[in-house]
Amino acid sequence: MKSLSNKICARSEQKFNKLLCVTVLLLITMTAYKAHSLDIEGNGTEAEREGLVALYLFNETSGSTVNDSITAGGQLNLTIDNPSAVVWGGGALEISAATAVRSAVATKVINACKASNEITIEAWIESRTQNDLALDAYGPARILTLSNGITKADRTPASGGFFIGQNYDAGHQYSFGINTTTRLNRNEIVTEGALLETDSSDRSIVTHNTRQHIYFTKNKEGLAKIYIDDKFGVPILRTQMSLPNSSLANLSDTFTLTLANEPKYQSDSGLTLLRDTVPNIADRTIEDKDWRGKYYMLAVYCKALSETQILGSRAPTDWLTADVNTEELDVTKPITSKRMLARQIYSRLVGYNIPIYHSTLQQMEDALSTDANNIENRMRAAAIATSKPGFYNRTVKDFAKKMSNRDETVDVPLNDFAATVVGATRDSIDARDLLRGDFYYRADTSKAAVPSDLINDLLISNRHYESVEMLNYDLQRVLIKQNGQSLYNGMNSTVPAANYDAAGLLTSRAFLGAHAIAGTNRRLVEFSFQVFMCREITQWADNTAPDSYVGRDVDRFPTGSHPKYQTSCRGCHGQMDALRGAFARITFETGFVKHAWVVNQDAETNPDEANNNENISTMVQVPRGISGKMNKNNTMFEQGKVTEDSSWINYANRGANELYFGWKPDTLQGRGIKDFGNMIAESKAFAHCMTERVFQSVCKRKPASFDAPVIQRVTDKFKGEDTYSLRKLFERMAVQPECLGE
Amino acid sequence: MKNYTKIRMIATLSFVALISAMLGNACSGFKSGSGSGLSSGGGDFVFRNDGELACKSQADFIAVEGSKTPAIVTKANILENMKSCTQFTNISQATVDSYNQRNASFSKEGYIGDINSALMMGVAAVAVEFCNDLANSEAAMSVANRKFFSTVDFAGTSLTNTTLDSVIGEFAAACWEPEEISAGSFLIATPEELQIVRDEIAAMGAVNAKLKAVAICTAALSSLKGISL
């Protein structure tokens, strides 16, 4: 490990002195994951070297030969065509001008990969951008290729093997092409579906001028994947695809292994040059695929390295296997009513069935003890079901997803809102803290190999959570609570700002992304009530509420009629406008939450332009510190309320509203989102609504009028002895006779 | 595969037959509303005017006090349910691909009213791939280690009635909710349910034992009982 640190620190840009560099790296590696593949120096166990057919470590310090460290099957050394185009040093080979580094016929690679029909290329490389090089390139520049060129002597497409390329036009993109019959041009490879590319719009994937670790794999079933390390050195699956016709059986016996170009590029005067002039790019041909960058290590395996080999302890596991019973089931035992009850509780909580003779059902049956009608016994049985991964990965996740978007659908990707609800359920966190707490849940990066940069992957995109779900990580296992929500200032900084008005789910990216886009932030109030108190705006409209907070953008004489305002508009706006001040400082635009205390004020002073701002680093604030949308359309009724701070007051506290919402008296006014969230959390309606939602989740229907007693009964327990634990709420609801149809 | 098409048809027919036999109970909580575009199909279940089976959508469902609300596995759980009830998790990429291709036809939230022909065909298509994986796995085992197909001679050309009943019984025990035939007494599969599957397998005609075995598995997993919660 020290020699590895020395190798890396020798190439450092001298930001640290060498001793400090080594110390830092040793500390990092003490906590780093250990995958089950080679290290940068090619060291590995016997198992880790399985399938390895060629290995280049670039330890030479001069000359025109790159040695293959694998002698089995004969060394496949590489020869540098133009030694003046490369620079040796620090355990790396830098390609600084057009050349090719190639082998003789790569017989051992061809034979081994044809036999296995699998391949993995593992590389530590450093790439450059098109701007760095002023390079005109046509198609992916070749980092590595197994071929004998693009075209045959008769100008028809040549047979090809595979290539790893960098697309200079995009710059931030690697590609992996496999062609097994005749060499297709790049467009045809794309249309044939045999080209795998990383996402060129995500500029965090491919880093330039720094070393990066990448894997390209293809298994015998045709599943191809690209893994690239993130900035923390964790390999992340970046893209995968099932490649059609991906057999390697047609690899030609004439192919050579070539780095940094195709073997028949124009500088190679020893070969017959076959040119199709690239349109609009002078003096280059279709054969010129020269790459610039550095090679530190290159390994060719005729085996598809597994996820576990590449990701180590971070590899996703099949969470369903935790409940697979491998022991023989006793099918002679009679099926009892208690067993049936256990089965029903299990399937409704977990979301799928297990065999009637499964040992988990036996445990649940035992928990029901002598009295299966006793609710506490039933809850003990239900607790067994809620200890299973399926409960979190399916039931709670879907329950949470529905609340996280405007359409209340489960058909959305996992997001920070849903992950936080799942984590809080698992950890029995007081559900009220979901609306006022300064925390969120994310995947533990020691357990999940997913994009995890706070700004790029959590604040300005949903990439982190989408990857967790796409890779089917067990949420019960990988979620970790993070104290302290953050905000991005839009200034391309790497340090996020603390959110001093964090309010749990109300300040999650998903919730604000759904309801704080454009508009006037009234939707935030409307949906806070709808999602967390199960009350649509039409149900809590009240024409008798004061209208002193109604904004200047609301016409007091719609169609010339003031009574129309009084009867149709005031009922909603009187209360909604008085509450929306809680959200006065925020908006959601250009892909992330903007807070006026964190993002610079835009030069635009017209609040009507607030929702047209496309500048990432600014926010229209009118006045300063207040989101411009709060005061837009201010000429409609100039005597209306001007929002100048984040104060708010709750006027939904009269008559039927007072009865339904059950507000706690000292929460009826405040400042900011946290106070607003606390008001909702402490209301009777919040607990009641959560109970109704859980009822719908496990009882598979909306509550009917005759369900009022069970809803009230369970709500009282939720607020009382169950201390607002969502997990207990699920358990208690699933065992109620009304839910089970008894 | 042509034979898999046949298996999917068998599974669909079994599904329809089983749903007719059982849906009276399953839909006992449903009542047809007037002017709802629904017609009574006899018994307690209803058909929409377009001919699709409709146990009422969740939106206009009228609950009946004291009755259990029927539900099916959600689309997120279709494969999990098959893996969990059979305790077999080593599925192939073909099964995963089949699921991904048909994902859109499954129920998002598990409401019984989401059952339609696209859902039925989709579940059957996934089940046939899953069952092929299961059959291949057990075919490679010794008879003593098999869970479902211990009485099946995979190299043979037919299944005896005894073998048929044995295999059906194993899948019923694993994946179906037992029926209460009298107070406190349960059967994992009623004689009527068993006969439906037997008849459909017999209708397959002269196909080899493995295909029949896969067909039984498919019929069991893609039936309403196979996807009910």
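Biologist: What makes strand β10 of chain A count as largely enclosed by the rest of the structure?

Modeller: This is a predicted model. In it, five of the five residues of β10(A), residues 174-178, are buried, so the strand is largely enclosed. Buried here means under 20% relative accessible area.

Biologist: Which residues point which way from β10(A)?

Modeller: A:Y174, A:F176 and A:I178 point one way. A:S175 and A:G177 point the other way. All are buried.

Biologist: How do you know that β10(A) pairs with β11(A)?

Modeller: Pairing needs at least two bridges between the strands. Three bridges join β10(A) to β11(A), residues 195-197, so the two strands pair. They run antiparallel.

Biologist: Which residue of β11(A) stands opposite A:S175?

Modeller: A:E197 does.

Biologist: Now an arginine. Why is A:R378 called buried?

Modeller: Its relative accessibility is 2%. The cut-off is under 20%, so A:R378 counts as buried. The residue lies in helix α9 of chain A, residues 375-385.

Biologist: What is A:R378 in contact with, leaving aside its neighbours within four places in sequence?

Modeller: The contacts include A:L341, A:L368, A:A372 and A:N373. Also among them are A:V735, A:Q736, A:P737, A:L740 and A:E742.

Biologist: On to the two chains. How many residues are in contact between chain B and chain A?

Modeller: 41 residues of chain B are in contact with 43 residues of chain A.

Biologist: What area is buried between the chains?

Modeller: About 3,500 Å², of which carbon and sulfur atoms give 53%. In chain B, B:Q87, B:F186 and B:L229 lose the most area to chain A. Together they make up 17% of what that side buries.

Biologist: Why is the link between A:K402 and B:E109 called a salt bridge?

Modeller: The closest N and O atoms are 3.0 Å apart. The limit is within 4 Å, for a side-chain nitrogen of Lys or Arg and a carboxyl oxygen of Asp or Glu. A:K402 and B:E109 therefore form a salt bridge. The count between chain B and chain A is five salt bridges.

Biologist: How many residue pairs are in polar contact between chain B and chain A?

Modeller: The count is 17, with both residues at pLDDT 80 or more.

Biologist: Which elements of chain B give two or more residues to the side that touches chain A?

Modeller: α2 (78-86), α3 (93-102) and α5 (161-175). The largest share, five residues, comes from α2(B). By class, that side of chain B has 17 nonpolar, 14 polar and ten charged residues.

Key
Residues numbered from 1 in each chain as written. Chains lettered and ligands numbered in written order. Predicted model: local features only at pLDDT ≥ 70, side-chain atom pairs only at ≥ 80, totals over all residues. Heavy atoms only, no water. Contact = heavy atoms within 4.5 Å. Buried area = accessible area lost by both parts, 1.4 Å probe. Polar contact = N/O pair within 3.5 Å; in protein donor to acceptor, adjacent residues only side chain to side chain. Helix = DSSP H or I, 4+ residues; strand = E, 2+ residues; numbered from the N terminus. Nonpolar A, V, L, I, M, F, W, Y, C, P; charged D, E, K, R; others polar. Buried < 20%, exposed > 50% of the residue type's maximum accessible area, 1.4 Å probe, protein only.
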